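Okay, thanks everyone, I'll keep this short. Let me put the sequence and the model up, and then we'll walk through it.

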Amino acid sequence: MDFRIISLPPFTAVTSGPDPDFDFSSSGVLGKFEAYFSAITPSPRDSFMPRDFMLFNEEAGGMEWWWALEEGMPDGGFEKVFFEGGYFLTFFYRDGDEETHNRLYTQAQQYIAESTLFELDDRPGHRSMGHIITPHNLIEKQGYALMECFVPIRLKTTPPS
């Protein structure tokens, strides 16, 4: 598999907070958070960027959802977090296909381990994340979505020899 390396800029986001129940129902932590940010229309200059990212908060033991804010965007009363940005190795798969996700994630880990330029940069506040890249109206028509996975990496501190 060929992986893509991207750079995400620093941003301030609101967070759902960790949800150990992974509850996407309308009354659940993640469902309420999705309703909040789904009601927001970003400005045209920011509408092309991924704004929402899901990650597993290992320290709190729950799934967490972030929404990147732009200036003047309402925070909905949710807690704000700062994301420092950085490099990410990315790949995509059909959302819900855990077998493919696990296979590609293992390949990504191997690619990073064998890289002479990059190393894993997994730490609190800087975890692997996912983002649905399929537009909502297309999801409805085709019946599935693609998830892009972002694996945090950094340049190795020791240059290659």
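So, which residues does Leu8 touch, not counting residues up to four places away in sequence? Taking contact as heavy atoms within 4.5 Å, Leu8 touches Phe53, Phe83, Gly85, Gly86, Phe88, Met129 and Phe150.

Quick housekeeping. This is a predicted model, where local features need pLDDT of at least 70, side-chain atom pairs count only at pLDDT 80 or more, and totals for chains, interfaces and linings use all residues. Residues are numbered from 1 along each chain as its sequence is written, and side-chain values use heavy atoms, with hydrogens and water left out.

Back to Leu8. Leu8 is one of the residues that touch the most other members in the largest nonpolar core, which has 13 residues. By a nonpolar core I mean buried Ala, Val, Leu, Ile, Met, Phe, Trp, Tyr and Cys residues joined through side-chain atoms within 4.5 Å, and buried is under 20% relative accessible area, with a 1.4 Å probe and protein chains only. Strands 1 to 5 each give two or more residues to this core; strands are DSSP E runs of at least two residues, helices H or I runs of at least four, numbered from the N terminus.

Now strand 4, residues 62-68. Seven of its seven residues are buried, so strand 4 is largely enclosed by the rest of the structure. Strand 4 pairs antiparallel with strand 3 over six bridges, pairing meaning DSSP finds at least two bridges. Phe56 has Met63 as its bridge partner there. Strand 2 also runs antiparallel to strand 4, with three bridges, and Thr15 stands opposite Trp66.

Last, helix 1: its buried residues, among them Phe33 and Phe37, pack against strand 2, strand 3 and strand 4.

How values were computed:
Buried means under 20% relative accessible area, exposed over 50%, partly exposed in between (1.4 Å probe, protein chains only).
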